Amino acid sequence: METFLQETAQAIINRNTDFKNIICVLPSERAGIYLKEALKNKSIGKAIFLPKIISIEKFIKEISEIESMDQVSLVFELFHVYKKHCKKNQLDTFERFIGWATIAIQDFNEIDRHLVKADEIFSYLTDIQKIKDWSPEKDETTPTIKNYMSFVEDLHVYYQELNKVLQQKKSGYQGLIYREAYHKCEEYLNNHDDEIFYFIGFNALNKAEEKIFNLFLDKEHNHIYWDIDSYYFDGKHEAGTFVRIFFNEWDCLKNEDRKNWIHSNFKQKKNIRVLGSSLNVTGIKAVSSFLGKDLDPKETAMVLAEESLLPVVLNSIPEEVKKVNITMGYSLSNIPLSGLFQSLFELHLNKQKLGKNAFYYKDVLSFLRHPYLNKVTENKLNSIIQNIVKNNLVFLSEEMMSTFFKDSKIEISLSNLFLLKDDVSTFLQKIIEFLDFLNKKLEGIELLYVEGYRKVFQEIINLNNQYSYIDTFKVLHKVFKKLIPLETVDFRGEALEGMQLMGMLETRCLDFKNVILTSVNEGVLPSGKSERSFISFEVKKHFKMPTYLAKDAIFSYHFYRLIQRAENIYLLYNTQTDDFGGGEMSRFLTQLMLDKEDEITYQNVVSNTNENDHRTKEIEKTPKVMEALFTYFKKGASPSRITEYMNDPWEFYQKMVLKIRETDKVEEEVAHNTLGTIVHDSLEFLYQPYLNKILIPNDILDMKTNATKMVSEKFREHFKEGDITTGKNKLIFEVAKQFVLNFLNNELNEIQAGKEIIVKELETDCNVQFTTPNGHQIALRGKIDRVDEVNGVRRIVDYKTGKVEAKDLKLSDISLATSDYKYHKIVQVMTYMLLYSTTQNLEVDKMELQAGIYSFKNLKAGFLAMNFSETYKKEHSITKAHIESFKMSLLTMIDEILDNKLTFVENIDRKFKKEA
């Protein structure tokens, strides 16, 4: 296969014996490298000087003698013009201005690139709006229309003034450079009359380029070489739109020699494979599998219609591909370091937004947990994170953060990022210092990332020093977001070696035997109708400016030109639909499937994922597992852990053997278990002075007096630095207080009704040794909330802040308690009774015992005691037989847990979730 540039090189050689005065102009730098190689290969055995090879962008700059200015600098220049010439009484802030300035600059760019007379188009915009707004019934223009027309008139002024400023600085946007190049073109030609110009591989041209090319081609010694195929040139195919227009309208092309190289490569038989995949990753991995096996990487180009897929592609390239040349830059916005700076901005922006003069804990943790920070601090930040969580710090002051960093001996440049007092200039300087720190700690490609960010922030500093428009973090963040997508990390490689990985525009003039093209979807190829402009579609058509229709024709040409000489073509598109109709294959692909039906193989790529395994998880009790189990049961098993086993043995295994625990979190809102602890502790400390005495009404009244203070103290103890003065936490505080007061009122009513109440013990810890039926020595432990006597009945009391009903504690055959998780509350209170009766050596049959629950959400029901009745009657007294039956049932289940012949099997049908 001979490529277009090889044919071009041969044609240049055939025409010239000396390349000294030859200048070759191509669409891109990449195409220039390939042309240079082609000229070398075609001139083997000859000693020659290569011609000057230049991209169109550099060529236009050379003619215009103006350098390009980046987008952000242009916004700053335009704001300077806006402030000087705006007629409004109240100017937009720089933050608001950025929103529309980028659109205006793009419109200025299109006006100049297509040599539209600014006076005419801005006048036309206002006139057409007057016509649209006109009505016989209306006497005057509405304020909205007046504002619009005033804005358009102002845009004209800004356009003129910006042009003056930029020309004085010999710098400008692309359109201005093209307009100036057109004005200076004849002068340039006169100064380079002895040079021969070759324009190679062009298709769509803006009006300035058209005029410039015509001026050059009016001279017979200059030449143009087209890269077109009869498939799309003949007829009305949109890919040939621009070249057909040029051939019909350009007088300089009347010489048939300039209507050259209309080949028929596309008609040659091709191996085309169309791959549809619901996930980009799946499709790219599938198509990458052909590399090194069916496709020679040296003759292959992988073209990304969506350049954001570069990381996916790089992670999918097989080992067989030893060399890859990446011709596209990797945007700084896509690298992991971008997330670090985004977290830093959110840290400060949310601090301002919340108005607390302190950092929100979620923003702090997001920043501190970033992988890059853990890497450069060698995980020293974990101590700060643990401190924040342990002390439940929802808002953190600058001083607090400074202390944390100092105590953990963290690099000062990192801690300084928190000490800025909302000063933008200081913030930028501290970021530069932080980047210096990263530069010392990182290596390899990460140093390129750091250097890219240094360039961005240094540019922002320079702009702000010059204009001083960035006065808030919000504006700084907007400028940062504008700059980041424009900056790229350029990968260094041998341009002509290995597989070529490139974007669509880099393929201009280049041909490959094997082509892999990704994201051949509607909305990507072509890109769709979305355009941000103050110039309407109709006005653009009137002034012959490009619309989305022109963009469709441009992408159509790129698509068909890329594959016209290729032999093996792999076209990948995403089949996944979305709410907006995504997942539709490109119209280019649909047309291709019609025209090349016999040469196309279609394949639907499905990821090799394992089917959902609905089998229950099961784990054997190895010696290591048994060792962990015996260690736990010798230390003391709690009722809550035993009921976890009843609910799901697999969950019990994960928690008690593997030691998997939920990560501690900052409680922004009071958690349910924290509420329970606060209520328990409050009641313990209120009742403590009245142990072992008959309670009287005044005792309860005294407790009620101290209740609010006690609840507040317990909130400070358990909710740490959490705020309970506002919002949901305030409500939860009131609920906790009401729970305590309601309980005391209930107790008061019972005393006043004549009951004799003596509180014997509070929050009693029990740990008792038992021998199971299989001879295992184990311990059971638990904390009993309260032991009391009411009218001579000894009661084991458990507090529950959730709702419990009498039916939850009713079971006639107590030996069944461990058979089902729905009896877990019975297991809990009966375990407490077993522990208490054993430690106290109670003669159970000689006294009346009860065990039960006070439910704070069901206090009207009073004390909910165990009920052993088989009928509707109540049987609350616990006998020795009840305790022994329960004990045997419980210890038998523990034997089951400690039986190494049995496995832990997941309960996939469990109906109950573990309570908080």
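User: How many aromatic pairs does the count come to?
Analyst: The count comes to 77 aromatic pairs. Rings of Phe, Tyr and Trp (its six-membered ring) pair if their centres lie within 6.5 Å.

User: Why is the pair of F97 and W100 called edge-to-face?
Analyst: Planes under 30 degrees apart count as stacked, over 60 as edge-to-face and the rest as tilted. The ring centres of F97 and W100 are 4.8 Å apart and the planes stand at 75°, so the pair is edge-to-face. Both residues lie in helix α5 (residues 94–113), three residues apart, about one turn of the helix. Helices (H or I, at least four residues) and strands (E, at least two) are DSSP runs, numbered from the N terminus.

User: What are these values based on?
Analyst: This is a predicted model: local features need pLDDT of at least 70, side-chain atom pairs count only at pLDDT 80 or more, and totals for chains, interfaces and linings use all residues. Residues are numbered from 1 along each chain as its sequence is written, and side-chain values use heavy atoms, leaving out hydrogens and water.

User: What makes α20 roughly antiparallel to α21?
Analyst: The axes of α20 (residues 424–441) and α21 (residues 445–467) come within 10 Å and cross at roughly 160°. Axes are lines fitted to C-alpha atoms, for helices over the stretch in contact, and angles run from 0 to 180 degrees between N-to-C directions. Angles under 35 degrees are roughly parallel, over 145 roughly antiparallel, 65 to 115 roughly perpendicular and the rest oblique. The crossing angle therefore makes α20 roughly antiparallel to α21.

User: Which residues make the contact?
Analyst: Among them are L428, I431 and L435 of α20, and V450, F457 and I461 of α21. Contact means heavy atoms within 4.5 Å.

User: What makes strands β11 and β19 the edge strands?
Analyst: The open sheet has seven strands in the order β11-β16-β10-β17-β18-β9-β19, with parallel pairing. Two strands pair if DSSP finds at least two bridges between them. Strands β11 (324–326) and β19 (600–605) each pair on one side only. Strand β9 (residues 271–277) is joined to β19 by six bridges, and the two run parallel. Within these strands, I272 stands opposite I600.

User: Where does helix α12 lie?
Analyst: Helix α12 (residues 280–288) lies across β9, β10, β17, β18 and β19, at about 165° to β18.

User: Which residues are in contact with F491, leaving aside its neighbours within four places in sequence?
Analyst: They are L310, I326, M328, Y330 and I445. F491 itself sits in the loop between β15 (488–489) and β16 (499–503).
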